[in-house]
Amino acid sequence: MKTLADLKKIREKAQEDLKLRGGNVRIKIVVGMGTSGIAMGAREVMKTFLEEIAARNLSDVLVTQTGEKGLSSMEPVVDLIEEGKPKVTYGNMNPDKVKKVVVEHIVNGRVVSDYVVATGD
Amino acid sequence: MSLKHIDLLICCGSGCISAGALKIKERFHEVLKEHSATNEVNIIETGCMGPCDYGPVMVVYPEGIFYKKVTPDDVEEIVTEHFIKGRPVTRLMLQEDDKTFSAQKDVPFYQKQIKVALENCGYINPESLEEYIATGGYEALGKVLIEMKPQDVINEIKASGLRGRGGGGFPTHIKWQMVHDKKDDEKYVICNGDEGDPGAFMDRSILEGDPHRILEGMMIAAYAMGASMGFFYIRAEYPLAIKRIKTAISQAKELGLMGDNIFDTDFCFDAEVRTGAGAFVCGEETALIHSIEGERGNPTPKPPYPAVKGLWGKPTVVNNVETFGNIPTIFLKGAKWFASMGTEKSPGTKVFALTGDIRNTGLVEVPMGTTLRELIFDVGGGMIGDHKFKAVQLGGPSGGCLTVEHLDTGVDYESLKERGSMMGSGGVIVMNEEKCMVNVARFFMEFCVEESCGKCSPCRIGLKQMLTVLDRITNGHGREGDIEELQRLGESISKLSLCGLGQTAPNPVLSTIRYFRDEYEAHIRDRSCATKVCNDLMHYDIDKDRCIGCSLCARNCPVDCISGSREEKYTIHQVDCIKCGNCFDVCPVKAIDKLPGMHPDVVAHRSELSKAVNQYEDL
């Protein structure tokens, strides 16, 4: 380690590990993990999100969870919250749909309207 | 990237560890394994988060949920409810006045705080160099080494107005300038981590929670002065702090942040840890230097100052842990930013260790000039129970106490000194109305007598004299003129002692006389301790109207000084009573009162005794 640029490299890599504790988050994915969500496979959905994001090295995307969202009939339910844009809620998610959402919405910025059950707050 | 979506930060400061944080950490590992969720949660040990009274505490990210007083039995619920199902456990959150504070940033304890030296404490893993770098660590060092000349560094510190955080408040840049201006083949920089005040744990917490910050601060200081060797002087009672700083040094060396030609410049630096044996006087810089040299830890007269002739006769700077802790941030955010906080003469923030009869004991950092009221009642959460605030002791055994009338005083070096107290290293002991100020003064005096190194007679003999007078006052033998005697002794000791220990040791006595003279007078003239703390100046008495004659008190008295019967009720023979309080505790009808003042029987007995002694002496 000899220059400030070297230090910066280490810092950027290390900030990745601190991502959960705040910092640069572009999109927050909130998976509803109530009893009905879990029963309908919310854990699988979350795992797929985490795997897909890891595989694509999307460092500015944060996956987190919340409790029952009330839309039991459409579980698993996932919110995508992007700074400055209305919240998008996807319903009836499964690992295949997750993959599509990651490619279309998160990477390319196009909402996958087929899966959307609600928008805005 | 990993699949981990939760950062669990468990506070592993010494306070939380003694409250069982490590057991909880183990339990988390077990439970996560049972639920095969180990790859979803990062368990991170951090340094002190501050609110030690709530310990063991932890924060769960990304939500930033704050849990307090967690026990190993709660772990199962946190894992299944919060980690797996995403439902934070409300039961373990801070609840005050029917309000629940879920996120750490909302907790009132943190509201008025601004963290500079404590910025990363409780936020990063202190044993991870990468996490320190992620928060901007070592960037200041790089910037300083590559872009600035040593004199520019000193000028920047001068512009920031930083003053020594160890207690005296000496401007940091003057010390640095003196060493910078001395030409010598070797210079040294020392970090003073010999924190010995009872009730103080600021330095320990910073060393434990963010060791790299102190190391970086020390390296910037070394560059500014032209030193290439540093020593951390840390007391042996702080094993975790020693371990963490040693880890930090070896990590920095491995990455090339320490050693030869750092950042490809001419600057070379190495540091070692020296362990102190726990003598209070070794916090004094000349004594500390002698201790590092392998000599007995005794102070020597100044001048020569360490900046001129310090460690092994070479120019040396001794700075406190917290002083170093401020330095990297000053270079990252600028001297102007730093000087904009606090007061004009005392810029920046100060870390305090809040202890005593206060609700939120713990580690806090507030801007200089924050009033005692804000510190004690807003950050500290006020007094425990329905008790009233009586006094606050700042600066430990070297400081003085302040009272209700000073609550609106802003805390900075000058305003505290004016009022007979001092900043000290930052220990804040809050006392309620049940504390006897004479007894408090006696406690600190006893501490100083024990810790006096004995080199100079004002401190060695004078403090012992003061303790004798205080002993006399608290055990009911006080005489007219004792208060004046204490003041005379105290003032001479302050003026004549060799080092800071002796010079400041009379402060607690002098300040309590200044603000609580009536208590001293009551102890001497009325032989009465209103707070019933001084054993000889209070007594127990049985109220015959309420006594039911059950004999429990008599049976529990270890010296058989209670007698009576069911009909006559019970009486305490005051002369023999040792004030153990057993009777008071066991009485089923609360017929025993704890009363201030020496009982008339005891007064009579004592005067008879002294008469007998006088007669014997006359013979």
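Let's start just past the end of helix 11 of chain B, where G256(B) takes a positive phi of about 85 degrees. This is a predicted model, so every value here is computed from predicted coordinates.

Which residues of helix 11 of chain B are buried? They are L240(B), A241(B), I242(B), R244(B), I245(B), A248(B), I249(B), Q251(B) and A252(B). Look for R244(B) in that list, as R244(B) returns below in a network of salt bridges.

## A buried glutamine in a loop

Now move along chain B to Q574(B), which sits in the loop between strand 18 (569-572) and helix 23 (582-586). Is Q574(B) buried or exposed? Its relative accessible area is 3%, and the cut-off for buried is under 20%, so Q574(B) counts as buried.

What is Q574(B) in contact with, leaving aside its neighbours within four places in sequence? The list holds H539(B), Y540(B) and D541(B), along with H599(B), D601(B) and V602(B).

The largest nonpolar core has 70 residues. Within this core, the residues that touch the most other members are F28(B), M58(B), Y67(B), I78(B), F83(B) and V392(B). Take F28(B) as a case to explore: not counting residues up to four places away in sequence, F28(B) touches L8(B), I10(B), I43(B), M58(B), V75(B), I78(B), V79(B) and F83(B). Apart from this core lies another, of 69 residues, and among them are L7(A), L129(B), I330(B) and L363(B).

## Where chain A meets chain B

How many residues does each chain bring to the contact? Chain A gives 33 residues and chain B gives 42 residues. The size of an interface is often given as the accessible area lost when the parts come together. Here the area buried between chain A and chain B is about 3100 Å², with carbon and sulfur atoms giving 61% of it. On the side of chain A, K2(A), L20(A) and R21(A) lose the most area to chain B, together 25% of what that side buries.

Some pairings across the interface are polar or charged. Two salt bridges are found between chain A and chain B, and four residue pairs are in polar contact there. Several elements of chain A each supply at least two residues of the side that touches chain B: helix 1 (4-17), helix 2 (35-39), helix 3 (42-56) and strand 2 (61-66). Helix 1 of chain A gives the most, with eight residues.

## A closer look at R11(A)

R11(A) lies in helix 1 of chain A. Its relative accessibility is 13%, so R11(A) counts as buried. Which residues does R11(A) touch, not counting those up to four places away in sequence? They are I133(B), A134(B), G136(B) and E139(B). With E139(B), R11(A) forms a salt bridge, and the closest N and O atoms of this pair are 2.9 Å apart.

## Salt bridges elsewhere

Over all chains the count comes to 46 salt bridges. One of them joins R110(A) and E104(A), with the closest N and O atoms 3.2 Å apart. R110(A) is partly exposed at 49% relative accessibility, and E104(A) is also partly exposed, at 22%.

K314(B) forms a salt bridge with D184(B), the closest N and O atoms being 3.2 Å apart. D184(B) is in the loop between helix 8 (172-181) and strand 7 (188-193), while K314(B) is in the loop between helix 12 (285-292) and strand 10 (316-320), 130 residues apart. K314(B) is partly exposed at 22% relative accessibility, and D184(B) is partly exposed at 34%.

K314(B) also forms a salt bridge with D185(B), where the closest N and O atoms are 3.0 Å apart. Because D185(B) lies in the loop between helix 8 and strand 7 and K314(B) in the loop between helix 12 and strand 10, the pair ties together parts that are 129 residues apart in sequence. D185(B) counts as exposed, at 65% relative accessibility. Finally, salt bridges that share partners join K25(B), E45(B), E127(B), K243(B) and R244(B) into one network.

Terms used: Residues are numbered from 1 along each chain as its sequence is written. Chains are lettered from A and ligands numbered from 1 in the order in which they are written. This is a predicted model: local features need pLDDT of at least 70, side-chain atom pairs count only at pLDDT 80 or more; totals for chains, interfaces and linings use all residues. Side-chain values use heavy atoms; hydrogens and water are left out. Buried means under 20% relative accessible area, exposed over 50%, partly exposed in between (1.4 Å probe, protein chains only). Helices (H or I, at least four residues) and strands (E, at least two) are DSSP runs, numbered from the N terminus. Contact means heavy atoms within 4.5 Å. A nonpolar core is a set of buried Ala, Val, Leu, Ile, Met, Phe, Trp, Tyr and Cys residues joined through side-chain atoms within 4.5 Å. Buried area is the accessible area (1.4 Å probe) that two parts lose on being put together, summed over both. A salt bridge is a side-chain nitrogen of Lys or Arg within 4 Å of a carboxyl oxygen of Asp or Glu. A polar contact is a pair of N or O atoms within 3.5 Å; within protein, one must be able to donate a hydrogen and the other to accept it, and residues adjacent in sequence count only if both atoms are side-chain atoms.
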